[in-house]
Amino acid sequence: MPGPEHYVALSALLFTIGAVGVLVRRNAIVLFMCIELMLNAANLALVTFARLHGDLNGQVMAFFVMVVAAAEVVVGLAIIMLIFRTRRSASVDDSNLLKY
Amino acid sequence: MTVADVLLLGLGAVAVGAGLCVVTTAHLVRAGLYLVVCLGALAGMFLVLTAELVAWVQVLIYVGAVVVLLLFAVMLTRAPIGASGDLDRPGWPGLLVGAGAGLGLAALFVDAYRWTSVSLPDGPDGPGSAGVLGGELFRSWVLPFEVLSVLLLAALVGAIIVSRPDVGASDRGAER
């Protein structure tokens, strides 16, 4: 029977992959995918600890994280569409009007 | 090796491999499809951890809705069919910060477990079936649940307002 440390290690690995993706990628939509990856890594840790402690609060939190992630994707994609419409590009490097 | 070992190994390998492909592939659409594989493997892992409802909600919301939305966004923006070469930026600062984050997590992990093995409790300790989770949700998490419904409504209205061209144009015209 694998212990919780295996799941937590996997969660840390997935979170690192997502973080590297956010920092390395340039397209805003791929950035969103990497953020989803990080949120799911956190969910895996939450569900693992819920299983370890035998109560359901962690699972309820994972549930809430999913709903907030869905709301975030909806608003974020609307903003990406607006930026694409005005600047003709989905690359985050082209959205540099606020840059000093 | 027990069944749980094999499942963890297989699903974990699939999730990590698909996650690496999301980060490294040069095809936008393929990144979305690899994300489906990764999230599906994680849903299987939730099932192994007896979080039944969370696993099915994961399949419904993430695989069913979020990834479809992302693919629609890919189609509505530039929609490159083949590989696109400008997806990555010069990588070393990002890689450095990412490796730092990974090292921090690894140090925290080693500090927390110190190479000891903790066994999960056996038996139906945490059955995350819809009935049990719903009871928990409406017994002690009612207020956050209702606040979340308001948040979803606000996100819906906000997305419509942001993406409607006529609303933004008329406002900008009034400003001028």
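This is a predicted model: local features need pLDDT of at least 70, side-chain atom pairs count only at pLDDT 80 or more; totals for chains, interfaces and linings use all residues.

Tutor: Let's begin with the core. The largest nonpolar core has 57 residues, and the members that touch the most others are L44(A), L35(B), F46(B), V54(B) and L70(B). Which helices supply it with at least two residues each? In chain A they are α1 (4-24), α2 (28-53) and α3 (57-87), and in chain B they are α1 (3-24), α2 (28-48), α3 (52-76) and α5 (130-140). Within chain B, domain 1 (1-80) and domain 2 (121-165) both give residues to this core, so it lies between them.

Now zoom in on V54(B). Setting aside neighbours within four places in sequence, V54(B) is in contact with V47(A), Q59(A), A62(A) and M66(A) from chain A, plus F46(B) and L133(B) from chain B.

On to the rings. Over all chains, the count comes to three aromatic pairs. In one of them, F64(A) and W141(B) have ring centres 5.7 Å apart and planes at 75°, so this pair is edge-to-face. F64(A) sits in helix α3 of chain A, while W141(B) is in the loop between α5 and α6 (142-163) of chain B, so the pair joins two chains. Buried or exposed, these two? Both F64(A) and W141(B) are buried. Another pair is F138(B) with F145(B): the centres are 5.1 Å apart and the planes at 70°, so that pair is edge-to-face. Here F145(B) is partly exposed, with a relative accessible area of 25%. Finally, back to F64(A) and W141(B): along with F63(A), they form one aromatic cluster.

How values were computed. Residues are numbered from 1 along each chain as its sequence is written. Chains are lettered from A and ligands numbered from 1 in the order in which they are written. Side-chain values use heavy atoms; hydrogens and water are left out. A nonpolar core is a set of buried Ala, Val, Leu, Ile, Met, Phe, Trp, Tyr and Cys residues joined through side-chain atoms within 4.5 Å. Buried means under 20% relative accessible area, exposed over 50%, partly exposed in between (1.4 Å probe, protein chains only). Helices (H or I, at least four residues) and strands (E, at least two) are DSSP runs, numbered from the N terminus. Domain bounds come from an automatic or database domain assignment. Contact means heavy atoms within 4.5 Å. Rings of Phe, Tyr and Trp (its six-membered ring) pair if their centres lie within 6.5 Å; planes under 30 degrees apart count as stacked, over 60 as edge-to-face and the rest as tilted.
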